[in-house]
Structure formats: C-alpha cells, structure tokens
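The sequence and coordinates are shown first, and the description follows.

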Amino acid sequence: MMTGRVLNYYAEGNTARGFYSLYESNLQGLDKIFVLKGGPGTGKSTLIKNLAKEWNEKGYDVEVLHCSRENGSIDGVIIPELKVAVVNGNEPCAIVAKLPGLIEQYIDMSEALDIEKLKKHKKDMIKLTEETDEKYKLAYSKFSEALKIHDEWEKIYISNMDFAKANAITADIIERILKDVRFDKKAVVKHRFFGGATPKGTTDFVPEITKEMPKRYFIKGRPGSGKSSMLKKLAATAEERGIDVEVYHCGFDPHSLDMLIFRELGVVIFDSTSPHEYFPGRDNDEIVDMYEATIAPGTDEKYAAKLADIIKRYKKRVKEGIAALAEAKEIHDSLEEYYRYAMDFSKIEAIKVKINNYIESIK
C-alpha cells in the first residue's frame with residue numbers, strides 16, 4: 001500500500017503579538033477530536049507522532065501540526081478523509097470544545113502519572129514553570145519591539161510607493177490566478193502558519209508545502225511594498241467566489257499574510273523574501289517583483305544609511321527574542337524530566353490503542 005501525503009505546518013506561533021493560535025480554523029468540520037491533557041513529558045507528542053506515522057503508512061493523507069515552542073515536537077495530527085484529529089490540549093494551545101463528549105473527547109495523560117513521585121519536587125516544579133513563563137514574556141516583548149522597528153522600515157517604502165501600480169498588479173494577479181472561476185458552494189478557508197520563530201531560530205515548511213503545486217508565484221519586494229495587501233485582496237475574492245483557500249499568516253506578524261494555496265486551481269502564491277527567501281526552480285515558476293513595479297527607483301540607495309540602522313536594530317531584537325525562546329525551552333526540558341520520571345509509559349500505549357480502535361471503527 002502506498003503511503004498518503006503529509007502536510008506539515010504550524011497552527012500556532014511565537015509572534016510579535018504574543019503566542020498566537022489558529023487551531024480553531026484547522027479543526028473545523030471534523031467529527032471527532034481527541035484532546036490530550038497532561039503535563040510536559042507525559043508522552044503527548046510521541047503518541048501523536050506514532051498515530052500520524054501509522055495512519056499515513058495505511059495510505060491516508062495526514063496533516064501534521066508542529067509545535068513552535070519545541071523543534072521536532074508535534075502538537076496535532078488531522079486525518080482529513082476520516083474527519084478525525086488528535087491534538088495537544090494543554091496551554092497555551094488550549095482547544096475550546098464546541099460539543100464536549102460528542103466531538104471533542106478529553107484524554108487525561110496524567111492518569112499514567114505517579115503523583116507521589118512528583119509531590120517531593122513540587123517547589124522546584126513551580127519555580128521552573130514560573131521561570132519558563134518569564135522567558136516567554138521576554139521573547140514576546142522583544143518580538144513586539146522588533147515589530148515597532150519593522151514599522152519604521154515599512155514607512156520608508158510606503159512613502160515611496162505608487163499605489164495605483166500596486167492596485168493594477170493586484171487586479172492582474174487576481175485575474176491570472178482566479179480567472180473567471182466561480183463555484184456554487186461556500187469556500188472552505190483554513191488559517192495557518194508555514195513557519196515562524198522557534199528556539200532554534202526561524203524555520204519554515206515552504207519547500208514541502210509548495211512542491212506539489214503545478215503553478216508557483218514567488219513574490220519579491222520590501223517591507224511595505226504591498227505584498228500582504230495583495231494576498232488579502234486575492235484571498236477575499238477567492239472566498240467570495242466559493243474557492244477554497246489555505247491562508248498562511250506571517251509568523252512574525254500574524255496580521256499580515258505570507259502565502260495562499262488554491263488546491264482546486266493548482267496554484268500557490270507566497271512572499272518569498274527573508275527569512276523565507278526562495279527562488280524559482282521549475283519552468284512554470286514565476287516571480288512577481290513588487291519593489292521593481294511599485295517603489296520609486298533608487299529608494300534603496302537613497303535611504304541606505306537609515307535602512308542599515310533599522311535592519312541592524314530589527315535583527316538584534318529578533319535575535320534576543322529567539323534567545324529567550326531557547327532559554328524557555330531549556331528550563332521547560334528540566335520540568336519535563338520530573339514528569340518523565342513519574343510516568344508509566346505502558347499506560348500510554350493503552351491510550352493509543354483506544355484512539356486507534358475508534359479510528360478503525362469509522363474508516
């Protein structure tokens with residue numbers, strides 16, 4: 001049997017606007033959501049990973065929701081064909097239940113914990129939890145400062161922008177991508193991140209997400225050159241016409257957009273600038289250069305010194321934010337050790353069997 005497709009993305013982000021969750025959008029339309037509760041190190045990520053691998057190898061497409069706070073950790077798996085998901089229900093990516101018991105089913109991983117083993121470490125565990133929270137606050141504070149600096153960066157280009165040309169390019173892109181397509185249905189719109197800030201720096205899944213799309217548009221430009229505005233108008237037009245769209249938000253500022261995928265049309269269009277800069281590699285790939293088309297010639301050169309100062313300050317704040325995420329992860333790892341020591345992992349296998357039995361019964 002052939003394995004199914006795997007779509008990797010984030011449904012959460014460490015952003016300039018704090019921890020940002022898009023879980024609700026990705027869990028819409030499902031019939032069953034298993035919500036795993038329990039402390040760090042209680043086996044949630046491992047269980048989800050194993051389920052994703054197992055069902056993917058059975059030939060099912062799976063969506064793997066990555067954890068932005070720990071590289072390599074998984075916070076959820078969705079099997080779209082079976083309309084079922086298994087997700088981490090802990091803070092900060094807490095899942096709001098719409099129909100508890102009927103759709104959402106809570107599973108308490110701490111049932112496999114020996115609480116007596118944890119009691120003697122209670123003070124240390126409280127201290128580690130508080131220290132972790134402080135590091136996350138620091139990270140989000142640094143990213144927020146970076147966003148204010150980024151606004152300075154954008155202003156330079158906005159003040160040198162030809163808005164009529166930007167609107168014309170947007171209209172042209174809408175025409176080229178959507179043509180006269182109109183479906184007699186309500187569009188399904190999913191909101192996600194393709195990457196963002198993690199303890200190991202900025203990461204993304206752009207190559208994997210876009211590799212199967214027949215037509216790829218790479219948007220080039222500068223901050224404030226109209227990239228996100230174009231994507232917002234394109235997404236809104238597609239939704240009005242009943243065209244499904246995957247909306248990928250900016251991992252730094254979730255109020256901005258970085259990518260749209262129209263699977264029904266076989267098209268992806270994305271912001272291909274740093275820190276997620278990619279270049280065409282196939283005959284059908286196309287560049288849309290917003291700087292060349294909309295910004296007054298010589299703007300980079302005219303403001304070179306000012307831009308250099310802004311970029312230096314911006315990168316410094318981002319680097320400090322990422323360092324705080326890494327420190328938070330390190331402290332959190334110490335907390336996880338206490339839970340691992342107190343876990344009976346044989347009981348976790350029983351939980352996995354229970355979930356698998358349900359999925360088997362609906363396939």
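## Salt-bridge network

A salt bridge is taken here as a side-chain nitrogen of Lys or Arg within 4 Å of a carboxyl oxygen of Asp or Glu. Under that criterion, Glu63, Arg192, Glu246 and Arg263 are joined in a network of salt bridges. The model is a predicted one, and the count of salt bridges in it comes to 28.

## Individual salt bridges

Arg222 pairs with Asp300, and the closest N and O atoms of the two are 2.6 Å apart.

Arg313 and Asp309 form a salt bridge with an N to O distance of 3.1 Å; the two residues are 4 residues apart in helix 10, about one turn of the helix. Arg313 is partly exposed at a relative accessible area of 26%, and Asp309 is partly exposed at 40%. Arg340 forms a salt bridge with Glu337, with the closest N and O atoms 2.9 Å apart. Because Arg340 and Glu337 are 3 residues apart in helix 10, about one helical turn separates them. Arg340 is partly exposed, with 37% relative accessibility, and Glu337 is partly exposed, with a relative accessible area of 47%.

## Strand 9 and strand 13

Strand 9 (residues 189-193) is mostly covered, with 4 of its 5 residues buried. It pairs with strand 13 (residues 245-249) in the parallel sense, over 5 bridges. Arg192, a member of the salt-bridge network, has Tyr248 as its bridge partner in strand 13.

Strand 7 is largely enclosed by the rest of the structure, because 5 of its 5 residues are buried. In a regular strand the side chains alternate between the two faces of the sheet. In strand 7 both faces are covered: Val84, Val86 and Asn88 are buried on one side, and Ala85 and Val87 are buried on the other.

Strand 4 and strand 7 run parallel and are joined by 5 bridges; Leu36 stands opposite Asn88 of strand 7. Strand 6 (residues 74-79) runs antiparallel to strand 7, with 4 bridges between the two. Gly76 has Val87 as its bridge partner in strand 7. Strands 6 and 7 form a hairpin with 4 residues between them, and Lys83 in the turn has a positive phi of about 55°.

In soluble globular proteins, nonpolar side chains tend to be buried together. The largest nonpolar core of this model has 56 residues, and those with the most contacts inside it are Leu27, Ile33, Phe143, Ile209, Tyr248 and Met259. At least two residues of this core come from each of strand 1 (6-10), strand 4 (32-37), strand 7 (84-88), helix 4 (122-158), helix 6 (206-210), strand 14 (257-262), strand 15 (267-271) and helix 10 (304-341). Helix 4 gives the most, with 10 residues.

Setting aside residues up to four places away in sequence, Ile33 touches Leu27, Ala85, Val87, Ile103, Glu104 and Gln105. A second, separate core of 32 residues includes Ile74, Val86, Met343 and Ile355.

## Helix 2 against helix 11

The axes of helix 2 (residues 44-57) and helix 11 (residues 345-362) come within 11 Å and cross at roughly 35°. The crossing is right-handed. Helix 2 contributes Leu47, Asn50, Leu51, Glu54 and Trp55 to the contact, and helix 11 contributes Ile348, Ile351, Lys352, Ile355, Asn356, Ile359 and Glu360. Ile355 is also one of the residues of the second core.

## Ser228

Where does Ser228 lie? Ser228 is found in helix 7 (residues 227-240). Its relative accessible area is 17%, and buried means under 20%, so Ser228 is classed as buried. Apart from neighbours within four places in sequence, Ser228 is in contact with Ser256 and Leu257.

Technical notes. Residues numbered from 1 in each chain as written. Predicted model: local features only at pLDDT ≥ 70, side-chain atom pairs only at ≥ 80, totals over all residues. Heavy atoms only, no water. Buried < 20%, exposed > 50% of the residue type's maximum accessible area, 1.4 Å probe, protein only. Contact = heavy atoms within 4.5 Å. Core = buried A, V, L, I, M, F, W, Y, C linked by side-chain atoms within 4.5 Å. Pairing = 2+ DSSP bridges. Axes fitted to C-alpha atoms, helices over the stretch in contact; angles between N-to-C directions. Left-handed = near helix turned anticlockwise from the far one by under 90°.
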